[in-house]
Structure formats: C-alpha cells, structure tokens
Amino acid sequence: MSGHGTPIPMTSRPAGPLNGTADVPGDKSISHRSLILGALTVGETRISGLLEGEDVLDTARAMRAFGAEVTDLGGGDWSVHGVGVGGFAEPETVIDCGNAGTGVRLIMGAMATSPITATFTGDASLCKRPMGRITDPLTLFGAQAVGRSGGRLPLTMVGAEAPVPVRYVTPMPSAQVKSAVLLAGLNAPGQTVVIEQEATRDHSERMLRGFGAELTVDETEEGRVITLTGQPELMPQDIVVPRDPSSAAFPVCAALITEGSDVLVPNIGLNPTRAGLFTTLIEMGADLTYENERETGGEPVADLRAKFSPAMTGIEVPPDRAPSMIDEYPVLSVVACFAEGVTHMPGIKELRVKESDRIDAMAQGLRACGATVDETEDSMSVHGLGQKGLPGGGTCQAHLDHRIAMSFMVAGMGAQKPVKIDDAGPIATSFPIFEPLMTRLGAQLVRSNA
Ligand code: S3P
C-alpha cells in the first residue's frame, strides 16, 4: 500500500558467528507472476510457498480489483480463481501497488489490451520511477496512458478496444518491460514478438508456457526473440514457488563476512538468469557451495552453504552478467569491502532507477562506514579493506529501498562497529521475516538508534 508507517530505525551490531539454517521466503518475481497468470486463467490455480511480502500482497489485492477471486489459505498456500485472458473487470478504485515496480508494470501490461480503464499509484519511491519504458510499448498495442511528467505514477491506462499484436525490441535489459509486453500480447490476436539483446530473467517465458500458452524463444543475431501466440486459453496450475535467490543473498553474504559463520540456505531457485551473484562470490574466493542440486517445477534448485571467507579478493564483474544479478549489487558492494583489492562493477546503469538510486545509496552509506567507493553514471568500484574489514559506525539512509536497508544490516554484522539505518520498514516488501531469521542465526539487530 502506498506510503509507509512510522520509520523504524535499526542498528546492526557486530555479530558473533552466524550459524544454522536460513529458510528464506518464496521468490518475489515468481510470486507476482503466479497471481497475475492465475488471474488470467479460468479455473483454480493453487500456489504454495508464495512470498507474503507487501509487494506481492499488493498484487493479490490488485488481482481482486480486476475481478479474480484470490484466497489466502494459510501457511503460504493461496488459491486464485481467474477470469481468463481478456476477462479483467474494470477496477472501481485506484490500484495501489505500494513499493512494487514489478507489480505495477506487469499489471499494466496484463490490462492494457482489455477495454477497461485503471488508475495506478504507489508509494513515494514507486512514484519517482520511470513508467515510460512500459507505456511506450503498451501504446503500440492501442492502449493510452496519461501519467505525471516523465510518465510517472499516478497514471491512468485506457486499455485497447481492438488490440493489435506488437513486435518490440526492448531498449534496456529489463524483465519487467519484456513481461509487460508479453502479458499484453496475451489478449492481442496473432503473434506478439519481444526481442531482447541481453537475456533477462525468464520466469515469464517459463510460466506462460507452463500455463499452456504457445511461446517460442530463438537465439538469433538480432538477440533473444520471444514469440507469443495471442488469445490462448490458459490452463490452471499447481505452482510451488522456489525460494528467492535475491533474498538468499543476504544470509549468504552475512555468513561470508562474519567470523566463524557456517549457514545453510536450503531450496534456493538457481535459474541461470538469476544466479550471477553466487558465481561472482565464488570467483572472489568465497567458501560457498551448492549442495543437493536438483530440479523442481522446471527450475534448478540447490541448498547453498556459506562459510566465513577471510581470503576473498576483489574482481572485475563482467558487465554481461549484470542482468543475472541486478538486484544483488548492493549486497555485493558490502562483501567487496571485506575482500582484498578493488571490485569493479561496470554496466549497472539500471541500478539508478530501482527502488532507489542504488549506486548512490550504497556509495554514500559505505563511505559513512569508512569504505572508499568510486562511482560513475553506470559503474561502482569498491576498494576492499581485506582482513581489516569495514570500520562501520555509520548511519545510512535506506531511501525506502528494502535491498539497501538489508545490505547495510548485513554490513553491520561483519563490521568493527555498529551500522545504523534510518528505516527498516521497507524490508517487509520482500523479506518480512528478515529480522527474526537473521537474529536466529546470531545477528544482533536492534530497533532503535542504540
Ligand atoms: C524483476 C525484474 C528486474 C528486477 C526486479 C524484478 C521481475 O527489474 O530488478 O526486482 O520480476 O521481472 P527490471 O525488469 O527493471 O530489470
């Protein structure tokens, strides 16, 4: 929901060893898509392991507003009785997507080819984020969008009365843009084609196929060409949501930088379009292993074991790996402070338009904790302090950004002095059990400026 309550300042004190098992929540990307695709399917879709974070709960509320019956069955199990492709009803009130860029962008795509009008809003962070990247391709289908300057929220989308299929080359590597176009293509006749130069997370492609849509992917000189045949009848599914690698990143990285730690993070989705952080950490010399590798529901899954790694070295992170670890650069920049030498992270311009400007937010906060960080428009370099580690002692701004807030709390676990943030409230958007889970492992998180 739009806006947050009273800020929750939080301090992370240097922790003893972190030990035990970290059962992180379900994948955020797959959770949003499960609800939206379930809502576009006639019949009952059952979802287990849904992430019950605020972002996804906002999407559940939105799907109800568009006419689907969405029921929380308890214990992470949910049921969605959908309305079918093209069956969305016109919402009676404004759709508030809170902090969720994925939620609002995918939902705009899903409704843009139905003859209904909807107005979208979000919190202060979401209302600053660019929506032109979504409304540009959606208007090609025949939809109309009127927002604030720069196409920002609040924004009203008038769905196309007679949608036409679209061929669209995504101008930036973005799974949200790709997915919005594919979801809009569901209710357009004929074939909608999306071409991406760099592969981004492919959950939409996998799940659309799983729900019975005809979708092909061809690797060509032009890029990755995704062709969707419109107006399919989607079939209800039983979905088991794998646990989120982007959430696993926090206990994994905390263990690597906190002396004596040994943490097991089971059942993590390791789709190659998401696993770039773990590859990078292993290249840095992290003691991180995959155990019990297997496949669940078409997605590769493993248990991750992370141990304290005092001998990591800084590396050059290949820019073409960025889409597969785009949400993990903030916490990687924390780990980089504990490595020997410089970690250079080029090709990360997209970080500037996430829930916050993540390059700036991390650079400012890490400097306040005693690190040396250089930034350019599309890169960040962290000068590692090696065995000495991060001094800490800083107060950092979370900028309404869950991943920035959690990254600084991880920094405090391995640092010499406590690290404070102004507001831990946004953590609930993606990782509502972060505080008890990390505390159980041995972290010392205090809700005050203590
Ligand atoms: C997401 C795509 C990524 C990512 C976001 C989730 C998705 O954003 O940062 O957290 O579920 O499609 P972009 O599509 O903007 O790269």
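Biologist: How many of the 450 residues of the protein count as buried, in percent?

Modeller: In this predicted model, 59% of the 450 residues count as buried. The cut-off for that word is under 20% relative accessible area.

Biologist: What share of the contacts in the protein with a separation of 6 or more comes from residues 24 or more positions apart?

Modeller: Such residues account for 77% of those contacts. As for the surface, the accessible area is about 15500 Å², and carbon and sulfur atoms hold 50% of it.

Biologist: Why is helix 5 called largely enclosed by the rest of the structure?

Modeller: Helix 5 covers residues 175-185, and eleven of its eleven residues are buried, so the description applies. Among them are Lys178 and Gln176, along with Val177, Val181, Leu182 and Leu183. At the start of this helix, a side-chain oxygen of Ser174 comes to within 3.3 Å of the backbone nitrogen of Gln176.

Biologist: Why is His203 called buried?

Modeller: His203 has 1% relative accessibility, and the limit is under 20%, so His203 counts as buried. This residue is found in helix 6, residues 203-210.

Biologist: What makes the approach of the side chains of His203 and Glu299 a polar contact?

Modeller: The two side chains are 3.4 Å apart at that contact, and the cut-off for a pair of N or O atoms is within 3.5 Å. Beyond its neighbours within four places in sequence, His203 is in contact with Glu299 and also with Asp27, Ser29, Ile30, Arg33, Asn271 and Arg274.

Biologist: How do you know that Ser125 is buried?

Modeller: The relative accessible area of Ser125 is 4%; buried means under 20%, so Ser125 qualifies. Ser125 sits in the loop between strand 7 (117-121) and helix 4 (132-140). Its side chain reaches the backbone oxygen of Glu355 at 2.7 Å. Not counting residues up to four places away in sequence, Ser125 touches Asn99, Glu355 and Leu400.

Biologist: Why does Val158 count as partly exposed?

Modeller: Its relative accessibility is 31%. Buried would need a value under 20% and exposed one over 50%, so Val158 counts as partly exposed. Val158 belongs to strand 9, residues 155-158, and touches Ile116, Thr117, Ala143 and Gln144, residues up to four places away in sequence being left out. From Val158 to Met406, 248 residues along the chain, the C-alpha atoms are separated by 37 Å.

Biologist: Which side of the cut-off is Val225 on, buried or exposed?

Modeller: Val225 has 10% relative accessibility, and under 20% is the limit, so Val225 counts as buried. Val225 lies in strand 13, residues 223-229. Its contacts, leaving aside neighbours within four places in sequence, are Val193, Val194, Ile195, Thr216, Val217, Asp218 and Thr220. Thr313, 88 residues apart from Val225 in sequence, is 37 Å apart from Val225 in space, C-alpha to C-alpha.

Terms used
Residues numbered from 1 in each chain as written. Predicted model: local features only at pLDDT ≥ 70, side-chain atom pairs only at ≥ 80, totals over all residues. Heavy atoms only, no water. Buried < 20%, exposed > 50% of the residue type's maximum accessible area, 1.4 Å probe, protein only. Contact = heavy atoms within 4.5 Å. Areas by Shrake-Rupley, 256 points an atom, 1.4 Å probe, with all protein chains shown as cover. Helix = DSSP H or I, 4+ residues; strand = E, 2+ residues; numbered from the N terminus. Polar contact = N/O pair within 3.5 Å; in protein donor to acceptor, adjacent residues only side chain to side chain.
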